[in-house]
Amino acid sequence: MSDFVVGIPIGIAIGIAIGISIGIEIGKQKPWSELTEEEKKIRKSGIGAGIVILLLGVIVFLWLFFT
């Protein structure tokens with residue numbers, strides 16, 4: 001089995017994980033001004049983790065696509 005065939009399901013799984021994590025973060029509709037400092041820190045960490053996961057997914061996809 002080629003690496004490309006294995007990479008497609010991995011990419012799909014990463015995309016689903018990213019979508020769920022972003023959806024959870026966006027789904028919390030409490031206004032920023034009403035958040036406590038601890039909640040702001042947690043929200044920033046979640047968004048940062050989502051961005052890192054997104055970048056890792058793109059890198060893995062490109063690596064699998066071009067090799």
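The legends below describe close-up views of a predicted model of one protein chain.

Because this is a predicted model, local features are reported at pLDDT of at least 70 and side-chain atom pairs at pLDDT 80 or more, whereas totals for chains, interfaces and linings use all residues. Residues are numbered from 1 along each chain as its sequence is written, and side-chain values use heavy atoms, with hydrogens and water left out.

**View 1. The protein chain as a whole, with its 2 helices and 0 strands.** Helices (H or I, at least four residues) and strands (E, at least two) are DSSP runs, numbered from the N terminus. The radius of gyration of the protein chain is 16 Å, well over the 11 Å that the globule rule gives for 67 residues, so the chain is more spread out than a compact globule; the radius is taken over C-alpha atoms, and the rule is 2.2 Å times the number of residues to the power 0.38. Along its principal axes, the C-alpha trace spans about 50 × 15 × 10 Å. Of the 67 residues, 13% count as buried, where buried means under 20% relative accessible area, exposed means over 50%, and partly exposed lies in between (1.4 Å probe, protein chains only). The chain exposes about 5200 Å², of which carbon and sulfur atoms supply 76%; accessible areas come from the Shrake-Rupley method with a 1.4 Å probe, and for residues only the protein chains shown count as cover. The mean positions of the 6 positive and 6 negative charges are 5 Å apart. In that count Lys and Arg are positive and Asp and Glu negative, while His and the chain ends are not counted, and the place of a charge is taken as NZ of Lys, CZ of Arg, CG of Asp or CD of Glu.

View 2. The patch is formed by Phe4, Ile8, Ile12, Ile16, Ile20, Ile24, Leu54, Val58, Phe61, Leu62, Phe65 and Phe66, which together have about 1200 Å² of accessible area. Patches are made of residues with over 30% relative accessible area and no salt bridge, with like charges joined within 9 Å and nonpolar side chains (Val, Leu, Ile, Met, Phe, Trp, Tyr) within 5 Å. Ile24, one of the patch residues, lies in helix 1 and is partly exposed, with a relative accessible area of 49%. The C-alpha atoms of Ile24 and Gly46 are separated by 9.5 Å, although the two residues are 22 residues apart along the chain.

**View 3. The salt bridges, 2 by count.** A salt bridge is a side-chain nitrogen of Lys or Arg within 4 Å of a carboxyl oxygen of Asp or Glu. In one of them, the side chains of Glu39 and Lys30 meet at 3.3 Å, N to O; Glu39 is partly exposed at 30% relative accessibility, and Lys30 is likewise partly exposed, with a relative accessible area of 36%. Another salt bridge joins the side chains of Lys40 and Glu37 at 4.0 Å, N to O, and these two residues both lie in helix 2, 3 residues apart, about one turn of the helix. Lys40 counts as buried at 17% relative accessibility, whereas Glu37 counts as exposed at 61%.

View 4. Val60, in helix 2 (residues 37–66), is partly exposed, with a relative accessible area of 30%, and its C-alpha atom is 9.5 Å from that of Ile14, 46 residues away in sequence. Gly48, also found in helix 2, counts as partly exposed at 30% relative accessibility. The C-alpha atoms of Gly48 and Ile16, 32 residues apart along the chain, are separated by 17 Å.
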